[in-house]
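I opened my notebook to look through this structure one step at a time. Here are my entries, in the order I made them.

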Amino acid sequence: MKGKRVGVLMGGHSAEREVSLRTGEGVAEALTSLGYDVAKVVLGGNGRGYDEQIREANIDVAFLALHGRGGEDGCVQGLLELLGIPYTGSSVLSSALAMDKLKAKEMFRLHNVPTPPYYVAEREHLDELAELHNCFGFPAIVKPRGEGSSVGLTKATDLAELRSGIELALEHDTSALVERFIHAREIHVGILDGRVLGAIEVVPKSGLYDYRAKYTPGQTEYICPPEMAATRVRGVMNLAERAVRALGCSGACRVDLLVTEGENEYVLEVNTLPGMTPTSLLPKIAASAGLDYATLCENILQGARLHANLPKSREPRRSEVNLKTSRPASLGAAKDRVTAPRVRARRAAG
Ligand SMILES: Nc1ncnc2c1ncn2[C@@H]1O[C@H](COP(=O)(O)OP(=O)(O)O)[C@@H](O)[C@H]1O
Ligand SMILES: [Mg+2]
């Protein structure tokens, strides 16, 4: 992988652009410090097409530091498949499923992964909201179907708040998801290539891990590892792994779960391109497992691959030609995987 040109793709057009830029800067700095040839590719905000920018950067592999719509939902992944550039994270399909909170929940239900009860509301439902909500109960959580970072998220305690919450969510998407509010502790589980790295408990001062709680220093306490019975934490981690498998995700993921006082656990979502600023949750979880930030970035990079198995329709890049002549024959089998052997990570078991 060293000797290859690594493009750190960041920015984009989603509501999470700013977070993505911070993720991208952190990742680019870490990979540069490890001796990688890194190109920062800041997408969007300049009137130019993503394809044009990516082609121009002349990269061999893409580290996706994008979040939200366009970057995390399969679109950029599809473009990279067509360009033949291996990328970090999940495939087109898994990215799309995970980003669409409704489709993800449908997959969870199909795979017996518990998730809070819900229904979908669209603009046409606003006139008959009382009937639609009926005996669903309060409080309820309202969120846009396809946003992240708690953008457009509301906790509604009555019909008026429900209505304004749905209206807010519909500013971000054409559908809103209304979920039963679960009074619970919140645990996020980090997963790398299908293996659990560890877990962190998130304790927002306001009781809701909304945008302010996520991005205002001091608004949330993080406990890593969670102060919870070991058997319970293992159960939560197991559920997180099942959620990732249900969506077929790969690479680094962060699964957000709710854990009640009683016996119940619920999966909220799988983040396929989780925040990766040096102070984000996945790096915190990795650190507690003995994996420092730069090594985590390197491990994610080494999992970069193409998933779609499209016929090659372009000239091979120069570094690919070089690699073919220099790499050991034993590595040839994993033909669509980036070819350098994985560095031994200082990753603790489990
Ligand atoms: N059904 C729910 N019950 C209780 N809290 C919830 C529920 N859904 C979301 N939340 C709170 O809102 C936060 C964001 O919700 P999440 O579904 O993870 O969407 P996002 O993609 O915006 O992170 C969660 O971390 C949690 O604190
Ligand atoms: Mg979340």
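**Entry 1: two helices**

Are helix 1 and helix 11 roughly parallel or roughly perpendicular to each other? I kept in mind that this is a predicted model. I looked up the packing of helix 1 (residues 17–33) against helix 11 (residues 293–302) and found an angle of about 90°, with the axes 9 Å apart. Angles of 65 to 115 degrees count as roughly perpendicular, and therefore the two helices are roughly perpendicular to each other.

Next I looked up who meets whom. Helix 1 brings V27, A30, L31 and S33 to the contact, and helix 11 brings Y293, A294, C297, E298 and L301. I sorted these residues into seven nonpolar, one polar and one charged.

**Entry 2: the whole chain**

I stepped back to see the overall picture. The protein chain has twelve helices and twelve strands. Of its 350 residues, 45% are buried. I also looked at contacts with a separation of 6 or more, and 69% of them join residues 24 or more positions apart.

**Entry 3: helix 7**

Which residues of helix 7 are buried? I found L162, G165, I166 and A169. These residues cover an arc of only 100° around the axis, so they sit on the same side of helix 7.

Among the covering elements are strand 4 (118–121), helix 6 (129–133) and strand 5 (140–144). Strand 6 (154–156) and strand 7 (176–180) are also included.

**Entry 4: helix 10**

In helix 10 (residues 281–288), I noted L281, L282, P283, I285 and A286 as buried. Their cover includes strand 8 (185–192), strand 9 (195–204), strand 11 (252–259) and helix 11. After helix 10 comes G290, which has a positive phi near 85°.

**Entry 5: positive phi without glycine**

I looked up two asparagines next. N58 is not a glycine, yet its phi is positive, about 55°. I found N58 in the loop between helix 2 (50–57) and strand 3 (61–64).

Is N58 buried or exposed? It has 11 C-beta neighbours inside 10 Å, so N58 counts as exposed; the cut-off for exposed is 12 or fewer.

N134 also has a positive phi, about 45°, although it is not a glycine. Its place is the loop between helix 6 and strand 5. With 9 C-beta neighbours inside 10 Å, N134 counts as exposed too.

Where is P139? P139 is in the loop between helix 6 and strand 5, the loop where I had found N134. The bond joining F138 and P139 is cis, with omega about -5°.

I noted another cis peptide bond from C224 to P225, where omega is near 0°. P225 is in the loop between strand 10 (220–223) and helix 9 (230–247).

Note on methods:
Residues numbered from 1 in each chain as written. Chains lettered and ligands numbered in written order. Predicted model: local features only at pLDDT ≥ 70, side-chain atom pairs only at ≥ 80, totals over all residues. Buried ≥ 20, exposed ≤ 12 C-beta atoms within 10 Å, placed from the backbone. Helix = DSSP H or I, 4+ residues; strand = E, 2+ residues; numbered from the N terminus. Arc of directions from axis to C-beta. Contact = placed C-beta atoms within 7 Å. Axes fitted to C-alpha atoms, helices over the stretch in contact; angles between N-to-C directions. Parallel < 35°, antiparallel > 145°, perpendicular 65-115°, else oblique. Nonpolar A, V, L, I, M, F, W, Y, C, P; charged D, E, K, R; others polar.
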